[in-house]
Each structure stands twice: as structure tokens, then as C-alpha cells.
Amino acid sequence: MKETRQNYYGSLCTEMYELLHETAPQDELDFYLSYAKKGKRILEPLCGSGRFLIPFMERGFDISGVDLSAEMLEKLKQKAPQAQVMQADITEYSSEAMFDYIFISSGSVSLFTDISVCKQILRSLKELLAPQGKLVFAVDTIADRCPDGDDYKTAVAVKTKEGLDLVLKSKNHYDEQSQTQFSPSVYELYSGGRLLQSEPMDFQTHLYRFGEMEQILREIGFAAISVYSSFDKKAAQDDQCEMFLYECSL
């Protein structure tokens with residue numbers, strides 16, 4: 001039986017992601033673009049299928065990407081064969097190059113529910129920053145908690161380009177002590193009523209409280225930290241917003 005890895009984006013998950021999120025939301029894209037400068041080296045860890053990386057490339061920025069999912073990177077390469085990307089586990093990634101700007105979009109830092117691992121990743125990214133470099137990323141907050149439920153329910157259903165039905169079924173449980181949102185899921189591909197393929201996903205996220213990540217970033221050694229609650233850079237004041245956006249420099 002194939003091992004189900006936590007938060008791994010397999011073939012059906014990637015297919016649904018492409019159908020629903022092929023392009024980046026403009027306000028989110030503009031937010032990350034606001035830190036980019038021509039002639040500077042940019043790194044996007046967890047770049048996925050390239051919905052942010054490709055617009056950066058199209059605008060002439062020097063950007064590289066890293067992602068663990070071979071399925072996601074295959075989609076990216078289909079769209080942008082010349083993209084500079086590497087398949088690697090971000091917990092093990094290293095580079096001789098230094099970067100002026102590193103960003104992680106879409107709250108993906110929340111996927112690392114083991115806080116010690118999250119600290120390790122952020123510390124490693126800090127070491128990859130050039131002088132005056134910036135690390136920018138988002139996390140989900142406790143306001144983004146899903147209602148608990150014991151039964152799998154259809155969350156999303158879409159048609160593929162081949163006319164097949166792709167369905168996501170999931171259930172949720174939130175653990176107060178660890179602030180972990182557990183959302184075990186299964187992707188199912190149907191032709192009419194016939195199940196063609198099924199793909200489980202162990203999806204988990206850590207939901208942050210106001211001040212929690214700031215403490216981690218100070219512990220790691222970031223000297224300047226700005227926290228926003230929206231892509232127009234409105235300062236965060238509490239954890240009643242659905243995301244925190246962090247701008248960090250040495």
C-alpha cells in the first residue's frame with residue numbers, strides 16, 4: 001500500500017488545484033511582486049505548479065523555485081519549460097547561492113505543523129538571505145478554523161478537461177492544544193458513476209495566534225518584522241483575520 005505523506009500534492013490533488021487555482025489572485029500576486037527588483041535573485045520555496053513563479057518569470061525577474069511534489073513541478077514545466085526549479089524537500093534544501101528575496105505564498109508555512117520543523121525551515125531560509133534581503137510569507141490563523149465533522153463530505157466537485165468528474169471529500173477536526181487543523185481527504189475520479197482512481201491525502205495545517213510567529217522569528221534572529229492582515233499591507237492587530245503576512249529582514 002502506498003504511503004500517504006502529510007500534505008503531499010499527488011496527481012489528482014494537482015489536477016484539481018490546476019483547475020481551481022491555475023492563476024494567482026491578482027491582489028496576492030501584486031503583494032509578492034511589490035518586493036521584487038530586477039537584477040536581484042529570488043527564491044520561491046513550495047512553488048507548486050507555478051502560479052506565482054511563472055508571472056515573475058514573465059516580468060523578467062530572476063526567480064528559482066523548489067517543491068517536493070513531482071506532480072506539481074511537472075505541471076509547472078509543461079507551462080514554462082525554461083523555469084529554474086528543483087524537486088526537493090524544503091526541510092533538506094540547501095543552496096550555494098544567496099537570495100535577495102525569498103517568498104512563500106498561500107499560507108503554505110502553516111503546512112508544517114511540527115513547530116520545531118517550521119523553525120528549522122525558517123532558520124535555513126534566513127541563512128540563504130543576502131545582506132538586506134527579505135523573507136516574506138503568509139500563515140493561516142485560528143480564525144480560519146473549519147467546523148468539526150466526523151463524516152467525509154463532498155467539499156469540491158469539478159469537471160476535468162476530459163469531461164470526467166473529480167471530487168474532493170474531506171472531514172475536519174481541530175486540536176485546541178496543538179492548534180492543528182486535521183483535514184483528512186480523498187480525491188476521487190469518476191467516469192459517470194464508475195470510480196477510476198482514488199487518492200488519499202493527509203492534510204494538516206497549524207493555525208496561528210497573534211504574536212505566535214513573531215516570537216519564533218525573533219528567536220531565529222530576524223531584526224525587523226512587519227505583520228499584515230491583508231495584501232494591501234494593513235497592520236495586523238489581532239488574530240481575527242484569516243491570515244498573517246510577514247515581512248522579515250536581518
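Student: How many bridges join strand E11 to E12, and in which sense do the two strands run?

Tutor: In this predicted model, five bridges join strand E11 (residues 224-228) to E12, and the two run antiparallel. Two strands count as paired if there are at least two bridges between them, so the five bridges of E11 and E12 meet that requirement. Within E12, Cys248 is the residue that stands opposite Ile225.

Student: What joins strand E5 to E12?

Tutor: Strand E5 (residues 129-140) is joined to E12 by seven bridges, again in the antiparallel sense. Here Glu247 in E12 stands opposite Val136.

Student: Why is E12 described as largely enclosed by the rest of the structure?

Tutor: A residue is called buried when its relative accessible area is under 20%. Six of the seven residues of strand E12 (residues 243-249) are buried, and E12 is therefore largely enclosed by the rest of the structure.

Student: In what order do the strands of the open sheet stand?

Tutor: Seven strands form the sheet, in the order E3-E2-E1-E4-E5-E12-E11, with mixed pairing. Strand E3 (84-87) and E11 are at the edges; each has a single partner strand, so one side of each lacks a neighbour in the sheet. From one strand to the next, the twist averages 15°.

Student: How do you know that E2 and E3 pair, and in which sense?

Tutor: Strand E2 (residues 62-67) and E3 share four bridges, in the parallel sense. The requirement is at least two bridges, so E2 and E3 count as paired.

Student: Which residues make the contact of H5 and H6?

Tutor: H5 contributes Ile115, Cys118, Lys119, Leu122, Arg123 and Lys126, while H6 contributes Met213, Ile216, Leu217, Glu219 and Ile220. By class, this contact has seven nonpolar, no polar and four charged residues.

Student: What makes H1 oblique to H4?

Tutor: Helix H1 (residues 11-21) and helix H4 (residues 70-79) pack at about 45°, with their axes 9 Å apart. The roughly parallel class requires an angle under 35 degrees and the roughly perpendicular class begins at 65, so H1 is oblique to H4. The contact is made by Ser11, Thr14, Glu15, Tyr17 and Glu18 of H1 and by Glu71, Met72, Lys75 and Lys79 of H4. By class, the contact has two nonpolar, two polar and five charged residues.

Student: Which residues of H2 are buried, and what covers the buried residues?

Tutor: Glu28, Leu29, Phe31, Tyr32 and Leu33 are the buried residues of H2. Their cover includes H3, E4, E5, E11 and E12.

Student: Is Tyr35 buried or exposed?

Tutor: The relative accessible area of Tyr35 is 11%, against a limit of under 20%, so Tyr35 is buried. Tyr35 lies in the loop between helix H2 (26-33) and E1. Leaving aside neighbours within four places in sequence, Tyr35 is in contact with Tyr101, Lys134, Val136, Tyr228, Lys233 and Glu247. The C-alpha atoms of Tyr35 and Leu135 are 9.6 Å apart, although 100 residues separate them along the chain.

Student: Why is Gln179 called buried?

Tutor: Gln179 has a relative accessible area of 12%, and the limit is under 20%, so Gln179 is buried. Gln179 is in the loop between strand E8 (173-175) and strand E9 (180-191). Although not a glycine, Gln179 has a positive phi of about 55°. Glu212, in helix H6, is in contact with Gln179, His206 and Leu207 when neighbours within four places in sequence are left aside.

How values were computed:
Residues are numbered from 1 along each chain as its sequence is written. This is a predicted model: local features need pLDDT of at least 70, side-chain atom pairs count only at pLDDT 80 or more; totals for chains, interfaces and linings use all residues. Side-chain values use heavy atoms; hydrogens and water are left out. Contact means heavy atoms within 4.5 Å. Ala, Val, Leu, Ile, Met, Phe, Trp, Tyr, Cys and Pro count as nonpolar, Asp, Glu, Lys and Arg as charged, and the others, Gly among them, as polar. Buried means under 20% relative accessible area, exposed over 50%, partly exposed in between (1.4 Å probe, protein chains only). Axes are lines fitted to C-alpha atoms, for helices over the stretch in contact, and angles run from 0 to 180 degrees between N-to-C directions. Angles under 35 degrees count as roughly parallel, over 145 as roughly antiparallel, 65 to 115 as roughly perpendicular and the rest as oblique.
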